Amino acid sequence: MEHRVLEYFDVVIIGGGTSGVPAAIASARNGSKTLLVERSGSLGGLMATGMPALGILDRKLNKVVGGITEEIVNELKEEGLAFGNLRCPLHNGITTVSPWWYRIVATQKCTEAGVTTLYNTSLLDVKVTDGKVCGVSLLSGNYIYEVDCGILIDASGDATAAYLAGAEYEMGQPEMLEDIISEQAKLETRYDIGHSKAGKVQPISLTFCLGGVNTEEFLDYLRENPETYKSPAGYGMHYDTEYLFNSPAIYVTCFGEFIEKARANGDFDIPRDRVIFATQPNKGEYLINATRVVDVDPTDPIAVSQATNELHRQVAMLTRFFKKYCPGFSECYLANIGQYTGARESRRIVGKRTVTKHDIDTLNIPEDCIALGGYNCDIHLSGVGLYFQPVEHAVGVPYGAMVPRNVKGLLVTGRTISTDSYALAVLRVMGACLALGEAAGTAAALAVKDGVDVADVDVKKLQQLLVDNGGIISI
Ligand SMILES: Cc1cc2nc3c(=O)[nH]c(=O)nc-3n(C[C@H](O)[C@H](O)[C@H](O)COP(=O)(O)OP(=O)(O)OC[C@H]3O[C@@H](n4cnc5c(N)ncnc54)[C@H](O)[C@@H]3O)c2cc1C
């Protein structure tokens, strides 16, 4: 293996996904020499799969994510490549962008901001001296690159960099969740094919898109069969006809009756009782969010690899299921498959501050808030079904939730910030991760400018910078 030493970067970001992209743009725009390291061949992560970003509108329909995300969504909307922020009675709001164009614009914005991006490059190790991160080793092709840096941002979705730096972390918490979800879970599972309980972590999944769908035909079916989209008794949130039949784009959960039929015919063996799908900007195209493998540790590459084989089998089974059983889908075809298996839950660092269930229950927006999460509590259970409960309005993330308790020179962003597993179920969605990314990049650049550790950033100054750049930190 050949070793090469790269130049010094003020800020290195591991992961060019949902939170890593805004982190890199914000860091570079605020004057830091920024390196973005992405293990795949493109930027955007789960935000570039066609899934609608949730949590940009909160339950009261306040817009709670602005800044770089709003800039990109508005630009794409102008070209008919995004729908903007639309109300959804179940998910509060949905913000769907063309996955391909999101990827292009994310790349373009990073380049324009002066970010250096290394694709097909994985984090190998983190250098820590006297408890402070001072560089990373990266693996790409037949090279090991050594890079010294001032600040490292972990946007890997698994807190891999934080783990390698020795940051304290947690994962799962089934005991705490079990009691909370058990009552709703009893009401929620309509088909007795699995045990609905908290898993070690939430299931992992692979999304895909179907093209060639006859939208009018499937909407006619929904009009005539409202039972199909009726929420389980436990949710307390329900679709309405205004949304389903008048919104330019929808994210809908339905077709349990066809799953039952297909299961009886031996055509369906996936642990789900409904499918969920979302309108894409390409006419007749829908993102399908319906595969799942339960109780997989997302940080165990062998377990994830085995599950990835299974998830591809499920993509084929679901495509055939839609084609054979679901009104409007008889001519559908597989248009694309997400570029990697996605985790809903992984390591959560132990930060200087932690967002907990109490913060969600009290709708807390702390004084040192640097990002808002406008989603509900959404826990995919082990077995079938969801624990899904409304959160009345956005909750705030304190700056300290991105700052590991025991390592300096490191910020963590995206779904692996410091939360308990209940708060994670609110903050894990893309709206919050996008806002957290921008906050992390801005904070890192501010720390560089002021010559301080990330733990000592002037939070008032950070908040002002975020707001000046269109960010939203209060409602
Ligand atoms: C199946 C599924 C459905 C979901 N549905 C929705 C939904 O409908 N709406 C919603 O808002 N949210 C949804 N979520 C949640 C949301 O998508 C994620 O929690 C969020 O995107 C996480 O953002 P992130 O930046 O932390 O991670 P990611 O977007 O996954 O980005 C991580 C990036 O880091 C890179 N990376 C990882 N490790 C390394 C490494 N060692 N070196 C270099 N690069 C690395 C990855 O390649 C990736 O690009 C869903 C999640 C899943 C899995």
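Trainee: What does the domain assignment give for the protein chain?

Mentor: In this predicted model, the assignment gives domain 1 as 2-83 + 95-173 + 346-381 + 388-468 and domain 2 as 175-343. Their centres, taken over C-alpha atoms, are separated by 27 Å.

Trainee: How many residues of domain 1 and domain 2 are in contact?

Mentor: On the domain 1 side there are 27 residues, in contact with 35 residues of domain 2. A pair counts as in contact if the C-beta atoms, placed from the backbone, lie within 7 Å.

Trainee: Which elements give two or more residues to the side of domain 1 that touches domain 2?

Mentor: They are β5 (82-88), β21 (377-380), β22 (386-389) and α11 (421-427). By class, that side of domain 1 has 12 nonpolar, 13 polar and 2 charged residues.

Trainee: What is the handedness of the crossing in which α1 passes α3?

Mentor: The crossing is left-handed.

Trainee: Which residues make the contact of α1 and α3?

Mentor: From α1 they are V21, A24, I25, A28 and R29, and from α3 they are A106, K109, C110 and A113.

Trainee: What makes up this contact by class?

Mentor: The contact of α1 with α3 has 7 nonpolar, no polar and 2 charged residues. Lys and Arg count as charged, and the contact includes R29 of α1 and K109 of α3.

Methods
Residues numbered from 1 in each chain as written. Predicted model: local features only at pLDDT ≥ 70, side-chain atom pairs only at ≥ 80, totals over all residues. Left-handed = near helix turned anticlockwise from the far one by under 90°. Helix = DSSP H or I, 4+ residues; strand = E, 2+ residues; numbered from the N terminus. Contact = placed C-beta atoms within 7 Å. Domains from an automatic or database assignment.
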